[in-house]
Amino acid sequence: MPDHPNVVVFFTDQQRWDTVGAHGNPTGLTPNFDRMAKAGTFVRNSFTCQPVCGPARSIFQTGRYPTQTGCYRNGIPLPQGERTLAHHFKDAGYDTAYIGKWHLASRDPVSPEERGGYAHWLASNILEFTSWPYDTVVYDENEDPVRLPGYRVDALTDAAIRYVDSERDKPFFLFLSFLEPHHQNQTDSYPAPIGYEERLRQGLRLPRDLEALGGTSDDHFAGYMGMVARLDEAFGRFVEALHSLNLLDNTIILFTSDHGCHFKTRNGEYKRSCHEASIRVPTLFHGPGFTGKGDFEGLTSLIDLPPTLLHAAGVPVPPQMQGRSILSRDTWEVEGEDDVFIQVSEDHVGRALRTRRWKYEVVALDADGWNDMAGTAYVEAHLYDLESDPYELVDLVASPVHAEVRAQLRERLTRRMVAAGEAAPRIEASPGQA
C-alpha cells in the first residue's frame, strides 16, 4: 500500500444540491451518492464561490479566487505560472491524470503547456463543442482525437476505470470531469440517456423555486434529472471498480459540482446568480480521514476543497491557497460566524455573502460583467431571509425593517472582499432605501 492514499475527484457540471436523496430529493435517483455520503462525510452546506464553469474550475485547480488568477470569466486560460493540484500531488510522488472537460485553455486540443501540470491527459477544453451525448471526442497527450463509445457519462467513466486499472508503483490523483448535467449548448437542451427523460416525466415534481418561477424547467427538468441519474449510476460503477481492484479503502473520493442550475428563472440563462439554485452543490468525501466521520455541517466553499484534499492526503497545503481545509476546523459541528463569499461575473459583477440565515448581494455600478474583474462602487441588489424564505422568493433588499441587517452584512461582505484580495469597495444602499 502506498504511503499516500489515492485521490479521485468526481466532478459534475451544473448539478443542483437538491438533486440528491441526501438533500431530501424524493425521486430515488441517486442511491450511490446517498450511500457514499452516509458511509463517508456528507458536506451538507456546500457552495461554489463562482457560478460560472471556467472560473469555478480555476478555483478548484489553484485554491485561489478568480480575481487572483485572472480567470474571472470563461475564455481566459489559466496562467501557466499558476500551480495547480496536479503540481502539488506530483511533487508528493503522485501520478496525475485528467479526464473530461477542462475549460481552462485557449484552444482544442489543449496544448501541453495549458494542461495545468497533469501528466495523463484525455480531455477537451470545451467538451460540449467537441462531443455530443453519444459521440464523445476528447484528445490524448499527443493532441490526437480519441472517440469513446457509449453515452458521454459512461464513455468518460470507462476511460477512468481503465486508468485506475493500469499498473503503477505510485499513488494516483485522478480528476474526472463530466459535462453532465450541463445543457448541450448548440441545442439548448438537456439530453438524457435514451428513454430516461420519457420515464421521468411521469410524476416528477419540480423543486419549489422552479414551481414558483417556471423558467425552462417544464421543458428541461426531466432531461436534467435523467442526466443526474446516469451520473449516479456511473459513480456507483466507478466505486465498484475501485472495490474490485482493492483500491477503495485507500482512495479518497470527492464528489462535487462546479455550480448549480436555475433554469432561466433568475436571469436569461442557467447560472451566474447568487441564488441557492446557482451556488449550492452536492458534496461528499469518502476514504481515509472521512469514512464513518458523519455529516460536516459547517458552511463550505469550493475554495475549501483543494486544501482539504491535500490535507487529507498528507500533502502540504501551500500558503497561497485562500481556502481552509475542513479537516483543520476545530469542530465537526456548526461554528459561530459561518459564511461563504461568492463572486459573480459575466451576467454582472456581483459580490455576495451566504450566511446560515441570510443571502446578501451587491452589484457593481462601475464595472461590466464580461470585461471587468471587480468594481469600486456597488449597490445592494438582493437580501433573502433563508430561514423564512429558503427558495428566495421574497427580496427584502428595500425593506426598511431590515436596514440594520443589511448594514451588518455590508460590513461582513466588505471584510470578505478585502480578505480575498480585493480593494475595499463603496457599497450604496438599495435605491428603495436611498
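These legends cover the whole predicted model and then several close-up views of it.

Figure 1. The secondary structure comes to 12 helices and 16 strands. Along the principal axes, the C-alpha atoms fill a box of roughly 65 × 50 × 45 Å. Of the 434 residues, 63% count as buried. Take the contacts with a separation of 6 or more: residues 24 or more positions apart account for 67% of them.

**Figure 2. Helices α6 and α9 where they meet.** Two packed helices are described by the angle between their axes and the distance between the axes. Here α6 spans residues 152-164 and α9 spans residues 217-244. Their axes come within 10 Å and cross at roughly 10°. Angles under 35 degrees count as roughly parallel, so α6 is roughly parallel to α9. The crossing is right-handed.

**Figure 3. Side by side: the residues between α6 and α9.** Which residues of α6 make the contact? They are V153, D154, T157, D158, A160, I161 and V164. From α9 come R230, L231, A234, R237, F238, A241 and L242. An α-helix has 3.6 residues a turn, so residues three or four places apart point the same way. By type, the residues of this contact divide into 9 nonpolar, 1 polar and 4 charged.

**Figure 4. Helix α2, buried or exposed?** This helix covers residues 53-62. Buried means under 20% relative accessible area. By that cut-off, 10 of the 10 residues of α2 are buried, so the helix is largely enclosed by the rest of the structure. The buried residues are C53, G54, P55, A56, R57, S58, I59, F60, Q61 and T62. Just after α2 comes G63, which takes a positive phi of about 70°.

**Figure 5. G81, a loop residue.** G81 is found between α3 (66-69) and α4 (85-91). How does its accessible area class it, buried or exposed? The relative accessible area of G81 is 71%. Exposed means over 50%, so G81 is exposed. Now turn to C261, which lies 180 residues from G81 along the chain. The C-alpha atoms of G81 and C261 are separated by 32 Å.

Notes
Residues are numbered from 1 along each chain as its sequence is written. This is a predicted model: local features need pLDDT of at least 70, side-chain atom pairs count only at pLDDT 80 or more; totals for chains, interfaces and linings use all residues. Side-chain values use heavy atoms; hydrogens and water are left out. Axes are lines fitted to C-alpha atoms, for helices over the stretch in contact, and angles run from 0 to 180 degrees between N-to-C directions. Helices (H or I, at least four residues) and strands (E, at least two) are DSSP runs, numbered from the N terminus. Angles under 35 degrees count as roughly parallel, over 145 as roughly antiparallel, 65 to 115 as roughly perpendicular and the rest as oblique. A crossing is left-handed if the near helix is turned anticlockwise from the far one by less than a right angle, and right-handed if clockwise. Contact means heavy atoms within 4.5 Å. Ala, Val, Leu, Ile, Met, Phe, Trp, Tyr, Cys and Pro count as nonpolar, Asp, Glu, Lys and Arg as charged, and the others, Gly among them, as polar. Buried means under 20% relative accessible area, exposed over 50%, partly exposed in between (1.4 Å probe, protein chains only).
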